[in-house]
Amino acid sequence: METQGTEAARPWVDKAGAEYPVTVDRHNLLGRVLDFKAVPNGVFLDERGVIRYTKYGGFSVERSGDVETIRKLIGGEIEQQIPSPSEAQYILSPVDRELVETRLRLGNELLSRGSKEEAILEWQRALELDPENLIIRKQIWAVRYPERFHPTIDWDWQGEQLRREREEEIERGVCGPDGCPIPREHGE
Amino acid sequence: MNVDINIIPTVGDSFPDLSLPKLDGEELSFSELRGRKVLLFMWGSW
C-alpha cells in the first residue's frame, strides 16, 4: 500500500529478502475493494481462489497466533476462519467509497506533479469522509512529517498524533457519515 | 477487471479478479494464483 510507489517499497522488500511476488498498490485498490482501514493484513486464499481467512490490521508473522492459524489453513486442519466482527463506527455507502477513491487518486496525481500541499488537501478531504481510515491518515503523515518515518518510524509519535488529530476532528464534527457520538454529560 | 463495489468480499467469497503491478513493472493478475493456497500479506512502509 504505497502511494509513493515502487521506489519507496523496494528497500523494505530487499531488506526482507523476499522471494515471493510483491505488488505495489498505489491507489489503495485493495483497501477499497476489501474495505479495510489499516495494515498489516493477512488474507488466505484456497486453491480455488476462495477467501478463507482475513485479518485486517495487526497481522504479523511474529504473532504466534497468526502463524498457527495460517499453518492450520495450509495443512488443511481447518478449512477457514470466520473473522471477528468489524469494530468500525460507520459503514460508507458505495458512493462515498468511490468519492474517497477519487480524492485519493487526485492527491496521488498532484503529488506526482510536485504539488505536495495540494495533494495533502485532497487526501484530507478523503479522510474527512473516512476518518477511521489509518491508511489514508498515514499516507498524509508520511508526506507531511517525513522526519517521523526516516530513518526509523516513530511509533510513539503516531499514537500521540492520532489522539491529537481525532480530538480536533471530533471537535469539528468529523466522525464519519453518521456524525459523532453524543458525548455524555457530567454526572450521567 | 470487474469489481462490484456494492459487494465487499469476505471469508467464503471468491477473491475478486484484480491485477496490480509488481516491483519489476509486470502485472500480477490475482486469478493467476489459482491452483495453490495463497497467503496475501499487505503492508505499508509507514
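A:Glu79 and A:Arg52 form a salt bridge, with their closest N and O atoms 3.4 Å apart; a salt bridge here is a side-chain nitrogen of Lys or Arg within 4 Å of a carboxyl oxygen of Asp or Glu. The pair links distant parts of the chain, 27 residues apart: A:Glu79 lies in the loop between helix 3 and helix 4 (94–112) of chain A, and A:Arg52 in strand 2 of chain A. At 57% relative accessibility A:Glu79 counts as exposed, whereas A:Arg52, at 9%, counts as buried. Buried means under 20% relative accessible area, exposed over 50%, and partly exposed in between (1.4 Å probe, protein chains only).

## Basis of the model

This is a predicted model, in which local features need pLDDT of at least 70 and side-chain atom pairs count only at pLDDT 80 or more, while totals for chains, interfaces and linings use all residues. Residues are numbered from 1 along each chain as its sequence is written, chains are lettered from A and ligands numbered from 1 in the order in which they are written, and side-chain values use heavy atoms, with hydrogens and water left out.

The predictor gives the complex an ipTM of 0.92 and a pTM of 0.86. Chain B has a mean pLDDT of 89, and 89% of its residues reach 70 or more; pLDDT is the predictor's confidence in each residue, from 0 to 100.

## Chain A in outline

Chain A has seven helices and two strands, arranged along the sequence in the pattern α-α-β-β-α-α-α-α-α. Helices (H or I, at least four residues) and strands (E, at least two) are DSSP runs, numbered from the N terminus. Of the 188 residues of chain A, 41% count as buried. The C-alpha atoms of chain A fill a box of roughly 50 × 50 × 35 Å along the principal axes.

An open sheet of three strands has the order 2(A)-1(A)-3(B), with antiparallel pairing. Strand 2 (51–56) of chain A and strand 3 (38–42) of chain B stand at the edges, each with a single partner strand, so one side of each is left without a neighbour in the sheet. The twist averages 10° from one strand to the next. Two strands pair if DSSP finds at least two bridges between them.

Five bridges join strand 1 (residues 41–45) of chain A to strand 2 of chain A, with A:Leu45 opposite A:Ile51. Strand 1 of chain A is also joined by five bridges to strand 3 of chain B, where A:Gly42 stands opposite B:Phe41. In a regular strand the side chains alternate between the two faces of the sheet. Strand 3 of chain B has a covered face with B:Val38, B:Leu40 and B:Met42, and an uncovered face with B:Leu39 and B:Phe41.

## Further charged pairs

The structure holds 18 salt bridges over all chains. One of them joins the side chains of A:Lys37 and A:Asp130 (2.9 Å, N to O). These residues are 93 apart, A:Lys37 in the loop between helix 2 (29–34) and strand 1 of chain A, and A:Asp130 in the loop between helix 5 (116–129) and helix 6 (134–144) of chain A. A:Lys37 is buried at 15% relative accessible area, and A:Asp130 is buried at 4%.

A:Glu101 and A:Arg105 also form a salt bridge, with closest N and O atoms 2.8 Å apart. Both lie in helix 4 of chain A, four residues apart, about one turn of the helix. A network of salt bridges links A:Arg137, A:Glu165, A:Arg166 and A:Glu169.

Notes. Axes fitted to C-alpha atoms, helices over the stretch in contact; angles between N-to-C directions.
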